[in-house]
Amino acid sequence: MTEPSATSDMAPKRYATAGDYVQLLKPRIMMLVVFTAIAGLVAAVGVTGVLINPVMAAIATLAIALGSGAAGAINMWYDADIDQIMTRTSTRPIPSGAVPKEEALAMGLIMSGVSVLLMWLASNWLAAALLAFSIFYYGVIYTMWLKRSTPQNIVIGGGAGAFPPVIGWAAVTGNTPVDAWTPPHFWALSLLAHGEYEKAGVPMLPVTHGAKATRNQILLYTILLVPIALLPVATGLGGWIYGLVTLALGLV
């Protein structure tokens, strides 16, 4: 356990637990990332017939999990100031005083390097490069730039959530066809927490344009998502069962 630095501006101070370090990795997001990455990996095997050694597949999946955790730690390091302001994030490891900011950053950077190296050793350079870019995309492009500068932050930044199945596919095949991509999600959380974002000065769409405009945008993107979700039928990735189920769910 690490005692927080006396120079940290996060308060109150307390001792860190193993749970605090796990929380830095954003484990719930990590589970979603791993699930979609495995979906991309399995789909690649099923569609292309290319096989991957089970041990190497497990290591590649571990690398993706570590990369997701690394991006989460970097995000918490940079966002510690606004996390301290918002009620729903004020108990996170850094604003609560458990983990020093510099320690979270070091953890994120080291895990980033380890994850990319593992992916390279377990699969190929393309999957490793995509993993490295996905960490950079979430940790730098979204967290450091988009989040605080534009109401389209999570529209553009949501691309980070579309990378895991692409990485899983690339780990098997060494390429990234259109079948590997998945559309991101956004704005639902910002509607629920718009007051918190406004207090922290984060220009989420409900803060800058209001709840009604945000709901209209959600509806528009949902309508667009229905035909996009049917594209795998046209590309051959999905069959008629997939098409029927997708259409039914989309209409719902």
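# Helix packing and buried residues in a predicted model

Biologist: In this predicted model, the axes of H6 and H8 come within 8 Å of each other and cross at roughly 165 degrees. What makes H6 roughly antiparallel to H8?

Modeller: Angles over 145 degrees count as roughly antiparallel, and the axes of H6 and H8 cross at roughly 165 degrees, so H6 is roughly antiparallel to H8. The crossing of these two helices is left-handed.

Biologist: Which residues meet where H6 and H8 are in contact, and how do they divide by class?

Modeller: From H6 come Leu 126, Ala 127, Leu 130, Leu 131, Phe 133, Ser 134 and Tyr 137, and they meet Phe 163, Val 166, Ile 167, Ala 170 and Ala 171 of H8. By class, the residues of this contact divide into 11 nonpolar, one polar and no charged.

Biologist: What makes H3 roughly antiparallel to H5?

Modeller: Helix H3 and helix H5, the latter covering residues 101–122, pack at an angle of about 155 degrees with their axes 7 Å apart. Since the cut-off for roughly antiparallel is over 145 degrees, an angle of about 155 degrees makes H3 roughly antiparallel to H5. H3 passes H5 in a left-handed crossing, and their contact has 20 nonpolar, five polar and one charged residues.

Biologist: How do you know that Ser 68 is buried?

Modeller: Ser 68 is found in helix H3, and its relative accessible area is 13%; because buried means under 20%, Ser 68 counts as buried. Not counting residues up to four places away in sequence, Ser 68 touches Leu 25, Ile 29, Met 30 and Val 33.

Biologist: Why is Gly 158 called buried, and where does Gly 158 lie?

Modeller: Gly 158 lies in the loop between H7 and H8. The relative accessible area of Gly 158 is 10%, and the cut-off is under 20%, so Gly 158 is buried. Gly 158 and Tyr 138 are 20 residues apart in sequence, and their C-alpha atoms are 8.5 Å apart in space.

Biologist: Which residues have the most contacts inside the largest nonpolar core?

Modeller: They are Met 119, Leu 130 and Ile 167, in a core of 42 residues. Among the elements that give two or more residues to this core are H2, H3, H6 and H8, and H6 gives the most, with 11 residues. Leaving aside neighbours within four places in sequence, Ile 167 is in contact with Ile 64, Met 119, Ala 127, Leu 130, Leu 131 and Ser 134.

Key: Residues are numbered from 1 along each chain as its sequence is written. This is a predicted model: local features need pLDDT of at least 70, side-chain atom pairs count only at pLDDT 80 or more; totals for chains, interfaces and linings use all residues. Side-chain values use heavy atoms; hydrogens and water are left out. A nonpolar core is a set of buried Ala, Val, Leu, Ile, Met, Phe, Trp, Tyr and Cys residues joined through side-chain atoms within 4.5 Å. Buried means under 20% relative accessible area, exposed over 50%, partly exposed in between (1.4 Å probe, protein chains only). Helices (H or I, at least four residues) and strands (E, at least two) are DSSP runs, numbered from the N terminus. Contact means heavy atoms within 4.5 Å. Axes are lines fitted to C-alpha atoms, for helices over the stretch in contact, and angles run from 0 to 180 degrees between N-to-C directions. Angles under 35 degrees count as roughly parallel, over 145 as roughly antiparallel, 65 to 115 as roughly perpendicular and the rest as oblique. A crossing is left-handed if the near helix is turned anticlockwise from the far one by less than a right angle, and right-handed if clockwise. Ala, Val, Leu, Ile, Met, Phe, Trp, Tyr, Cys and Pro count as nonpolar, Asp, Glu, Lys and Arg as charged, and the others, Gly among them, as polar.
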